Amino acid sequence: MERVSTEYIEITPGVLGGKPRIAGHRIAVAHIAEMYLKMGQSIEEIAGKYDLSPASVHAAMAYYYEHREEIDRRTVAGEEFVEELRRNLPPSPLEAKLRAIRGE
């Protein structure tokens, strides 16, 4: 296990794909940043929702800002991978029924 930045953030190979996360939890720094920046949740809301200390959420945001390009790049790559999988998979039985109902 490698500790980085502060006592609150760790990177462990094999846990969350080696993404930086809050120490002792499976909550990625990228998820904290998304909740805070995109969803508008406060530090206190995030901390309360996941039983974290506000200091650990602040540390996650500090780590995010220090490594923003890398984290954002990995997030986009993951989203593109999922989208590619969706395009290449056949529709689920429910999806097929809905398409048939809509005449697609």
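Tutor: Helices (H or I, at least four residues) and strands (E, at least two) are DSSP runs, numbered from the N terminus.

Before going on, a word on what you're looking at. This is a predicted model, where local features need pLDDT of at least 70 and side-chain atom pairs count only at pLDDT 80 or more, while totals for chains, interfaces and linings use all residues. Residues are numbered from 1 along each chain as its sequence is written, and side-chain values use heavy atoms, leaving out hydrogens and water.

Back to helix 5, where you'll find Leu98. Leu98 has a relative accessible area of 38%, so it counts as partly exposed. Just after helix 5 comes Gly103, with a positive phi of about 75 degrees.

Now for the chain around it. It has 5 helices and 3 strands, and along the sequence they follow the pattern β-β-β-α-α-α-α-α. The C-alpha trace spans about 55 × 30 × 25 Å along its principal axes. The chain's radius of gyration (taken over C-alpha atoms) is 18 Å, whereas a compact globule of 104 residues would have one near 13 Å; that globule rule is 2.2 Å times the number of residues to the power 0.38. Over the whole chain, 28% of the 104 residues count as buried.

So where's the largest nonpolar core? A nonpolar core is a set of buried Ala, Val, Leu, Ile, Met, Phe, Trp, Tyr and Cys residues joined through side-chain atoms within 4.5 Å. The largest one here has 19 residues, and Val29, Ile32, Leu52 and Val57 have the most contacts inside it. At least two residues each come from strand 2 (9–11), helix 1 (29–38), helix 2 (43–49) and helix 3 (54–66). Helix 3 gives the most, with 6 residues. Take Ile32 as an example: leaving aside residues up to four places away in sequence, it touches Ile22, Ile27, Ile46, Leu52, Val57, Ala60 and Met61, where contact means heavy atoms within 4.5 Å.

Notes:
Buried < 20%, exposed > 50% of the residue type's maximum accessible area, 1.4 Å probe, protein only.
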